[in-house]
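Dear colleague,

I am handing over the structure below, together with notes on what turned up when I went through it. Please read the notes beside the coordinates.

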Amino acid sequence: MRNKRWLFLLLAAFLLIGGCGISNVEKGEREAVEYTVLRPDAIPPEVAEVIQEQGDAAFQMTYISSGYLYILRGYGRQKSGGYSIQVEEVTSTEEAIHVRTCLMGPETEEEQKGEGSTPYLVIKTEDLKLPVIFE
């Protein structure tokens, strides 16, 4: 029992000294980032392959190629067709690129018919060499 208490105190001390911390990446004002939402036929083959590997799962990831940053966002399998994705924000600070998107559902009953879909989008921008934060 005494050994378990000692181990617990040692672990607690390690966590306090080594520290788990939260870093604030919200330094500076956000500036708009120029970007393009790519049509499916304009997505580079290597990026399309990464998307295909995700299958029906939701995903958010980045891919860098030839000086460009590709921001990939997929919302996973939906019950029907008619879904779209709206880009609400692509901004940068000194520390990161911030991306916020929103899944838009079908507006009419007609759009809700058919098989399920897996909506995704690819945003292309210049590689700013910053991490991407999906919000």
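I begin with Thr 101, which, leaving aside its neighbours within four places in sequence, is in contact (heavy atoms within 4.5 Å) with Arg 73, Tyr 75, Ile 85, Gln 86, Val 87 and Glu 88. This is a predicted model, in which local features need pLDDT of at least 70 and side-chain atom pairs count only at pLDDT 80 or more, while totals for chains, interfaces and linings use all residues. Residues are numbered from 1 along each chain as its sequence is written, and side-chain values use heavy atoms, with hydrogens and water left out.

Thr 101 lies in strand E6, where helices (H or I, at least four residues) and strands (E, at least two) are DSSP runs numbered from the N terminus. Thr 101 counts as buried at 13% relative accessibility, because buried means under 20% relative accessible area, with exposed over 50% and partly exposed in between (1.4 Å probe, protein chains only). Its side chain makes a polar contact of 2.7 Å with the side chain of Tyr 75; the term stands for a pair of N or O atoms within 3.5 Å, where within protein one must be able to donate a hydrogen and the other to accept it, and residues adjacent in sequence count only if both atoms are side-chain atoms.

Strand E6 (residues 97-104) pairs with strand E5 (residues 84-92) in the antiparallel sense over 8 bridges, pairing being assigned if DSSP finds at least two bridges between two strands. Val 87 stands opposite Thr 101 in this arrangement, and a hairpin through 4 residues joins E5 to E6. E6 also pairs in the parallel sense with strand E8 (residues 132-134), over 3 bridges, and there Ile 97 has Val 132 as its bridge partner.

Turning to the open sheet, its 4 strands have the order E2-E7-E4-E3, with antiparallel pairing. Its edge strands, each pairing on one side only, are E2 (36-37) and E3 (58-65). Helix H2 (residues 45-54) packs on this sheet, touching E3, E4 and E7, and its direction makes about 160° with that of E3; the axes are lines fitted to C-alpha atoms, for helices over the stretch in contact, and angles run from 0 to 180 degrees between N-to-C directions. Strand E4 (residues 68-75) and strand E7 (residues 120-126) pair over 7 bridges, with Tyr 120 of E7 as the bridge partner of Gly 74.

Which residue's backbone oxygen lies 2.7 Å from a polar atom of the side chain of Thr 125? The oxygen belongs to Glu 34. Thr 125 itself is placed in strand E7 and is buried, with a relative accessible area of 4%.

The largest nonpolar core has 12 residues in all, including Val 33, Ile 71, Tyr 75, Val 87, Ile 97 and Val 132; such a core is a set of buried Ala, Val, Leu, Ile, Met, Phe, Trp, Tyr and Cys residues joined through side-chain atoms within 4.5 Å. E4, E5, E6 and E7 each supply at least two residues of this core. Apart from it lies another core of 9 residues, among them Leu 38, Ile 43, Tyr 70 and Val 122.

Lastly, Ser 80, in the loop between E4 and E5, counts as buried at 7% relative accessibility. The C-alpha atoms of Ser 80 and Glu 115 are separated by 5.3 Å, although these residues are 35 residues apart along the chain.

With best regards
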